[in-house]
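Here's a quick briefing for anyone opening this one for the first time.

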Amino acid sequence: MTLRITLSTALAAATLIATPAAAAPKTDLRVGMAAQDVGQLDPHRAVSTIDRTVVAWIYNGLVRFKPGTMDPAQIEPDLAEKWESSPDKLDWTFHLRKGVKFHGDFGELTADDVVFSLKRASDAKTSAFSADFAAFKTIEATDPATVHIVLARQVPSLLGLLTNYSGGYIVSRKAVEKHGADFTRNPVGTGPFAFVSDTPNQSLELAAFGGYFRGKPKLEHVSYRYIPSDSSRDLAFQNGEIDLVYGKQDQAWINRIRALPNSVVDVFEPGELANLNLNIMAKPLDDLRVRQAIAYAVNRPELVKWQGADTARPGQSVIPAGYLGSVKDVGLVNTDIAKAKALLKEAGYPDGVTIKIIHTQLPQMLGSMQVVQAQLRKAGINLDIQVVDHATFHQQIRKDLSPIVYYAAARFPVADIYLTQFFHSASIVGKPTAVTNFSHCDVADKEIDAAKTETDIEKQVSLWADAQKKIVAAVCAVPLAEALQIWAHRTDLDYGYELKASLSLGPLLTEATQFK
Amino acid sequence: MIGFIIRRLLASIPTLLAVLTLVFLLVRVVPGDPAIAILGDRATPETLAALRAELGLDRWIGAQYFEFLGHALRGDLGTSMVTHRAVWTEIAEALPHTIVLTLAAMAIGCLIGIPAGVWAALHRNGPIDVLTRLLSLLGLSFPVFVSGIFLLIVFALQLHLFPVIGNPRPGDWIDGLHKLVLPALTLGIVMAAYVVRVTRSSMLQVLGEDYIRTARAKGVPRRSIIWRHGLSNALIPVVTVVGLYVGILIGNSVLTEIVFNRPGLGKVIVSALTQRDYTMLQGMMVIYCFLIVVVNLITDISYGLIDPRVKQ
């Protein structure tokens, strides 16, 4: 009897121990990123998707896009609680939120930190985004909680430059001065998550910042793991070892992950528009008829079908859809192989033409280019593709070594940025002011410049529309397809907002992000 | 023996000097600009020039070379252009993982390969021999990124015996051993496939020698003939292959580390190459070459230990 009682007691005790009262939700988030390592955690030099995704969790801007959106109309206060501007939009005053703390022991945010950050973002020696701030005349702190910015000329979206994106992030002056060049591995911001440690080629660890001005984040710890192998990353997600994973812009991947239990695929903006930039100065592309033949040979629906209906949509203009100033009816031609052949013949290439180009070995970009290659071949345009690694590709296209450059990019969603960087003559590669104008296009400078300072929004949009039409008519570039951002997460992870867009190209983690 | 080691170490100095020079030139011959890799596509030429100046890449290449050589000879491999961490620090963190993986794979390769090779030789052309050769061929046919993924699907995804992400928790050696099994097996299987073939053919050759026949005629036990007289003489070519294969193992560890997401020199070197991190690349390649020199030295010393005739 005694033995029976003892056994029953032990069993009951064991059952009690084994049965959790109520399973507490997880608070540690594990993220799997397609990366060998993180590059720059200094936000003013963070340019890759790998860096930008995580930088957005550490820093704030003066203003921010409402989480899950990238609509300039939905820009809301972040570190600045309010702002005002002069009627001519040249004088701006920002009033800072009080009591905002930097991570660690770097104290409270002051106007001095903001001035320091914006001057740093506009300095070519310290920022990859300095060109965006060219119109800034003065940035001053009028008191510890007020920042006054004077512009030399109007810019299409000043607030856009000051969002939680690219050069708009605010850093701690003390931290930058303390760490110097090592700041890139010792980031100090005001965001919901603070840097804890970085293990090269393995992971980056972040912890919830208890002093975050919107309240302590519900997640306590974020592990940002670099998993370069696509297969291993997918297997780790499938095996429940990571909760949030960087995906592939590929329909087969989307379908496979959707079929997994407890998995949600996130498809969100911005779409990265792939343009086929044609160097209008290089033979045989200096002949408009050859460029038009390429435009007629390209088959956008086929490209979208190849990439996948969920991740891609046809390019509608030379700038991505949905940007302020992007228009649909810009005169893009539909596929017409007979017309393409006729144009080539007219241009003096009755037997077709061969063009040597350089392209990256990145699988997604290479695959798309091979589809384009097959399409152009039907019209007698043979692309002789020299495949190089991605770093080499970037170096060589900037030396004008490829007459056709396939380039996919997303930018701040206002037409001016894309048009200026890709189609304004000041941005032609090789010039001291070069950015990414690979086509040497200069046909729309007048409209792009006029739109920059136009205060009437309707006239501004009309100027941008005219610029797009001129660029399309001159066939400086042939739009191909836009690829949306693809990630996947486990169903128990709740971002705390509806993810429709993220300019950092990864899901934003906020104080509300949690496991259900 | 000590004199032999000193002579070999002295002989390796010119090799390392040549390696330093070659490495410096190689990383710069490879197209790609570290400044563009770091700052991306929106950086203006002015910004790129500023970073090149900050990294010292705007200076005369000869000045860069002599500075690198001077520092390297003093044991200073510089700091990473991307992370600003000391190259030695990253090497010190990654190297033990690569060495452990290489040694574990070598142990698996030898422990499977040598007995299987002997066994196959003793059953020449029999079913055991045919099966061993077939398995060896299979082992050689699968690249590590295929066999690695296969092992992950079976043992991690289906059987849940091992994790997919293989970076061990610092200081937890049990976790380290647990996460070492699949990567070491992936590399070790390929090595075993090589070793089994060499051991088999070497053993067959030795077993046909006159002195083996004499030993048999004198009534020396079979076990003694095989292990003492046969294998000890058949080991020289096996040691050569193992020595050479360690170099291949270190190279293959690059892929294994990526598939299993393990820390190690391989991951660091791929990362440095992707980001055109010249200083890190230089440091890594110097270490790789140094490891190969050391392995060759150990191989030569092993010859002497196995066969006293070599020492003479």
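Predicted model: local features only at pLDDT ≥ 70, side-chain atom pairs only at ≥ 80, totals over all residues.

Let's start with a proline: Pro270(A) sits in strand β12 of chain A, which covers residues 263–278. The peptide bond that links Glu269(A) to Pro270(A) is cis, with omega at about 10°.

- To find Pro284(A), go to the loop between β12 and α8 (288–297) of chain A.
- Over in chain B, Asn125(B) is not a glycine, yet its phi is positive, at about 65°.
- Asn125(B) belongs to the loop that runs between α5 and α6 of chain B.

**Confidence in chain A**

- The average pLDDT of chain A is 92, and 96% of its residues score at least 70.
- Residues 1–21 of chain A are another story: pLDDT stays under 50 there, and the model gives this stretch zero contacts beyond four places in sequence.

**How the two chains meet**

- Chain B brings 41 residues to the contact, and chain A brings 44.
- On chain B's side, the elements giving two or more residues are α2, α3 (45–55), α7 (144–158), α10 and α11 (265–274).
- That side of chain B, where it touches chain A, is made up of 22 nonpolar, 11 polar and eight charged residues.

**Two domains in chain B**

- Where they touch, 17 residues of domain 1 of chain B are in contact with 14 residues of domain 2 of chain B.
- Three helices of chain B, namely α1 (2–29), α2 (34–39) and α4 (61–73), each give at least two residues to domain 1's side of this contact.
- The largest share of that side comes from α1(B), with 10 residues.
- Sorted by class, domain 1's side has 12 nonpolar, three polar and two charged residues.

**Helix α5 against helix α10 in chain B**

- Helix α5 (residues 87–122) and helix α10 (residues 222–259) of chain B have axes that come within 9 Å and cross at roughly 140°.
- This crossing of α5(B) and α10(B) is right-handed.
- From α5(B), the residues in the contact include Thr98(B), Leu101(B), Ala105(B), Cys110(B) and Leu122(B).
- From α10(B), they include Ile226(B), Val238(B), Val246(B), Ser253(B) and Thr256(B).
- The contact of α5(B) with α10(B) counts 14 nonpolar and four polar residues, and no charged ones.

**Helix α6 against helix α8 in chain B**

- Helix α6 (residues 127–141) and helix α8 (residues 173–207) of chain B pack with their axes 8 Å apart, at an angle of about 135°.
- That angle makes α6(B) oblique to α8(B).
- The crossing of α6(B) past α8(B) is left-handed.
- Thr132(B), Ser136(B), Gly139(B) and Leu140(B) of α6(B) make the contact with Ile189(B), Val190(B), Ala192(B), Ala193(B), Val196(B) and Arg197(B) of α8(B).
- By class, this contact of α6(B) with α8(B) comes to six nonpolar, three polar and one charged.

Terms used: Residues numbered from 1 in each chain as written. Chains lettered and ligands numbered in written order. Axes fitted to C-alpha atoms, helices over the stretch in contact; angles between N-to-C directions. Helix = DSSP H or I, 4+ residues; strand = E, 2+ residues; numbered from the N terminus. Left-handed = near helix turned anticlockwise from the far one by under 90°. Contact = placed C-beta atoms within 7 Å. Nonpolar A, V, L, I, M, F, W, Y, C, P; charged D, E, K, R; others polar. pLDDT = per-residue confidence, 0-100. Parallel < 35°, antiparallel > 145°, perpendicular 65-115°, else oblique.
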